[in-house]
Amino acid sequence: MKTPEIILGKTPYRSRRTLGKHHGVIIHDHGKPLISFSHNDYLGLAHHPKVIAAAQQALQDYGSSTNASPLVAGHTELHQALEEQLAKHLSQPKALLFSSGTLANYALIRRLGQNKQPFFVDKTCHASIMDGLAQQTNKVKRFPHNDTHFLERWLHKHGESPHENPPVVVAEGVYSMEGDLNLDKMAALKQYIPFELAIDDSHGIGVLGKNGRGTAEHLGVQVNIITGSLGKALASHGGFIAGSGSLIESLIQSARPLIYSTAIPPASASAALTALQIMANEPHHQQALHDNIAYFQRQAEALKLNCIPSKTAIQGIIIPNTDKLKTVHQALVKQGLLMGMIRPPSVPKNGSRLRICLSAAHSKEQIDRLLQSLKIALKLDHGV
Ligand SMILES: Cc1ncc(COP(=O)(O)O)c(C=O)c1O
């Protein structure tokens with residue numbers, strides 16, 4: 001059945017691809033092998049033998065499900081250990097697990113909203129942040145992507161009248177559709193304007209900072225709160241909020257997405273815990289990812305691809321005409337390559353793009369094949 005928006009022609013038709021078995025970056029689509037540039041497995045840890053062994057052991061020791069909310073009986077020693085290690089990894093006092101990154105963002109926005117804190121948010125933040133904010137009765141101001149001057153003006157204006165609580169600025173460490181970052185400029189405002197800075201670092205953890213400690217560590221800045229998904233470099237499923245002890249305690253007492261939702265499976269907690277250990281002990285995965293990013297960028301520049309500037313694993317190639325984007329995407333799939341095809345409303349009008357996710361697990365040959373196929377597909381499609 002079509003949704004009302006599709007009937008009205010407001011959103012492009014979306015469909016899912018039913019995939020078969022995965023062998024690292026090779027996935028099977030009805031028997032046909034495809035090289036995936038779609039998955040956010042930035043360090044290739046979802047297929048690391050230690051991660052798989054840890055998940056298998058947890059399955060044996062704890063069963064396949066927690067079968068309960070964390071506040072009832074779903075919080076195991078694996079969940080506890082993961083929360084402690086996440087907090088340590090991100091240099092935050094405490095961390096709290098949620099069933100997904102989406103629910104973590106909802107819970108955080110709802111909690112901060114209860115303090116009557118106004119929000120200032122980058123317009124391109126993830127849908128879960130925007131949806132959480134849409135339910136707020138507090139003041140919410142959206143500033144244009146990365147426009148720190150705009151933000152500064154709003155913060156100054158806000159500071160002119162007395163307030164009980166400082167505003168919260170919400171941003172992403174690495175933006176999920178652009179792969180870019182400007183947290184340092186934003187954090188610099190904290191030196192002379194009081195506000196709390198909350199970032200979603202789903203795409204920075206594992207990718208940036210020493211041993212993958214994330215965007216804040218990479219840029220040497222302090223943030224108050226970090227949220228994230230375990231479904232990217234952490235090779236698992238679930239989400240978290242990391243911040244002060246009082247924030248975490250207040251969430252345990254009141255966050256409905258925590259209290260009324262089944263805790264993530266022990267195998268997922270164990271996989272993420274092991275991924276954190278690997279980030280600390282095997283830095284060559286992060287190095288391999290950055291070698292691949294630099295390799296892709298050198299060739300993409302030579303080919304004059306219309307790439308969004310990004311030094312992270314997310315590389316966007318803008319193809320403003322959505323029909324052309326579809327043609328190019330289909331040609332690439334035919335060549336055995338899978339990547340995201342992103343259209344409005346997920347991105348702004350004229351911002352349609354191919355979203356390429358690079359991983360430490362890609363070989364140079366696979367990246368060469370991607371680039372050669374892009375060259376052919378883009379050339380074939382005259383006028384791109
Ligand atoms: C920036 C960002 N935040 C949150 C999420 C949601 O995380 P999860 O998939 O764990 O719900 C995503 C996932 O797409 C994301 O890209």
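Mentor: Helices here are DSSP runs of H or I with at least four residues, strands are runs of E with at least two, and both are numbered from the N terminus. This is a predicted model: local features need pLDDT of at least 70, side-chain atom pairs count only at pLDDT 80 or more, and totals for chains, interfaces and linings use all residues. Residues are numbered from 1 along each chain as its sequence is written.

Trainee: How do you know what span to expect for H14?

Mentor: The expected span is 1.5 Å times one less than the number of residues. H14 (residues 322–334) has 13 residues, and the expected value is 18 Å. From first C-alpha to last, H14 reaches 18 Å, close to that expectation.

Trainee: Which residues of H14 are buried?

Mentor: Leu325, Val328 and Leu332 are. Buried means 20 or more other C-beta atoms within 10 Å of the residue's own; exposed means 12 or fewer; partly exposed lies in between; C-beta atoms are placed from the backbone.

Trainee: Why is Glu160 called exposed?

Mentor: Glu160 has 6 other C-beta atoms within 10 Å, so it is exposed. Glu160 is found in the loop between helix H7 (148–159) and strand S7 (168–172).

Trainee: What makes a residue part of the ligand's shell, and how many are there?

Mentor: Its C-beta atom, placed from the backbone, must lie within 6 Å of the molecule. 14 residues surround the ligand, the closest being Ser100, Gly101, Thr102, Ser176 and Ser229. Helix H5 (residues 101–114) gives the most, with three residues.

Trainee: How does the shell divide by residue class?

Mentor: No nonpolar, twelve polar, two charged. Nonpolar covers Ala, Val, Leu, Ile, Met, Phe, Trp, Tyr, Cys and Pro; charged covers Asp, Glu, Lys and Arg; the others, Gly among them, are polar.

Trainee: Where do the domain bounds come from, and what are they?

Mentor: They come from an automatic or database domain assignment. Domain 1 is 4–36 + 283–380, and domain 2 is 50–281. Their C-alpha centres lie 26 Å apart.
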